[in-house]
Amino acid sequence: MGAEGDMTERDETPDDGGNEEQETPRRQQGRHIGVLAMVLVAVLGFTIAVQIRSHGDDSLDGARTEDLVRILADLDAQRSRLGDEIAELEIARDELASGSLGDQAALERAQELADAVGILAGTLEATGRGIELIFTPGSDPISAAVLLDAVQELRGAGVEAIQINGSNGNSVRVIASTSFAESGGDLVIDGVRLTADFTLIAIGDPDTMTTALRIPGGVEDTVKKDGGTVMVRQPGTVDVTALAETAAPEYAEPVD
């Protein structure tokens, strides 16, 4: 590149100037793709951090051996998927940096990354193959911990988008920062009150997610012990339409 830059300074013909103008947008697109790639990796990494935090020291102290094995398997699966995502993003970055992709292909790749980030961040609606879980309480209400465990089980099974509906008509999009609480037998998720029965809609591989939820000692067994039920439906295509409210970062800034 240094030699080419020297030649450009010595030769001021219109043709060389035109080539410089054509290269500038491509470099800009490469920077934009790089930023989107970093955001996607950060979101995926934060999801794993949230899962690790949810299984903190207090909960692991009394965990059974089979529970610890399941948690470890979930984390290993997420790490593997994250590694694959990083590898794909690095390949796209290198292709854009080398100019092997045309302008149209670069724009299409940028849109794909933007869509992926939007789905993970909960700012875009999503549709695809998935399952519906209907939680019906028994003698005890469905606790926030049970719904959080269900979300974590689904994340370990590769879920891509989650929405929780209450019988009162309220819906919440579940993302990495979603909070779970209880109030008078109801659930309060990200500040939104949901009443039972609860319907959890998840997009991902239906068989893998169903198997994860039915592991002995898992979510389904926990609800049954309290006299409740968890009905799993595989309707084919499901829609996640609730959107998460996003706030502008207070401290973080993108790197140029």
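The buried residues of helix H7 are covered by elements that include E1, helix H6 (144-156), E7, helix H8 (219-225) and E8. The model is predicted: local features need pLDDT of at least 70, side-chain atom pairs count only at pLDDT 80 or more, and totals for chains, interfaces and linings use all residues. Residues are numbered from 1 along each chain as its sequence is written, and side-chain values use heavy atoms, with hydrogens and water left out. The protein chain holds 8 helices and 8 strands; helices (H or I, at least four residues) and strands (E, at least two) are DSSP runs numbered from the N terminus.

**Chain totals**

- Of the 256 residues in the protein chain, 34% are buried; buried means under 20% relative accessible area, exposed over 50%, and partly exposed in between (1.4 Å probe, protein chains only).
- Contacts (heavy atoms within 4.5 Å) between residues at least 6 apart in sequence join residues at least 24 apart in 76% of cases.

**Five-stranded sheet**

- An open sheet of 5 strands has the order E3-E2-E7-E1-E8, with antiparallel pairing; two strands pair if DSSP finds at least two bridges between them.
- Strand E3 (171-174) and strand E8 (229-240) are the edge strands, each pairing on one side only.
- On average, neighbouring strands of this sheet are turned by 20° against each other, direction ignored; axes are lines fitted to C-alpha atoms, for helices over the stretch in contact, and angles run from 0 to 180 degrees between N-to-C directions.
- Strand E2 (residues 161-166) pairs with E3 over 4 bridges in the antiparallel sense, and Asn165 has Ser171 in E3 as its bridge partner.

**Helix H7**

- Helix H7 (residues 206-213) packs on this sheet and touches strand E1 (126-136), strand E7 (198-203) and E8.
- The direction of H7 makes about 25° with that of E1.
- Pro206, Met209, Thr210, Ala212 and Leu213 are the buried residues in H7.
- Viewed down the axis of H7, these buried residues fall within an arc of 160°, so they line one face of the helix; the arc is that of the directions from the helix axis to the C-beta atoms.
- Asp207 and Thr211, on the other side of H7, are exposed.

**Helix H6**

- H6 has 13 residues, of which 10 are buried, so the helix is largely enclosed by the rest of the structure.
- The buried set in H6 consists of Ala144, Val146, Leu147, Ala150, Val151, Gln152, Glu153, Leu154, Arg155 and Gly156.
- The end C-alpha atoms of H6 are 18 Å apart, which agrees with the 18 Å that its 13 residues should span at 1.5 Å a residue; the expected span is 1.5 Å times one less than the number of residues.
- Gly158, which follows H6, has a positive phi near 90°.
- H6 lies across E4 and E5 and runs at about 155° to E4.

**Three-stranded sheet**

- A sheet of 3 strands is open, with the order E4-E5-E6 and antiparallel pairing.
- E4 and E6 stand at its edges with a single partner strand each, so one side of each has no neighbour in the sheet.
- Neighbouring strands here are turned by 30° against each other on average, direction ignored.
- Strand E4 (residues 180-183) and E5 run antiparallel and are joined by 4 bridges; Glu182 has Leu187 in E5 as its bridge partner.
- The hairpin of E4 and E5 has 2 residues between the strands, and Gly184 takes a positive phi near 60°.
- E5 and strand E6 (residues 192-194) also run antiparallel, joined by 3 bridges, and the bridge partner of Leu187 in E6 is Leu194.
- The hairpin of E5 and E6 has 2 residues between the strands, and Asp190 takes a positive phi near 50°.
- From strand E5 (residues 186-189), Asp186 and Val188 point one way and Leu187 and Ile189 the other, and all are buried.

**Nonpolar cores**

- The largest nonpolar core has 30 residues, among which Phe135, Leu154, Ile162, Ile164 and Leu200 touch the most other members; such a core is a set of buried Ala, Val, Leu, Ile, Met, Phe, Trp, Tyr and Cys residues joined through side-chain atoms within 4.5 Å.
- H6 supplies the largest share of this core, 6 residues.
- Not counting residues up to four places away in sequence, Ile164 touches residues including Leu147, Val172, Phe180, Ile189, Leu194 and Leu200.
- A second, separate core has 6 residues, including Ala126, Ile201, Ile203 and Val240.
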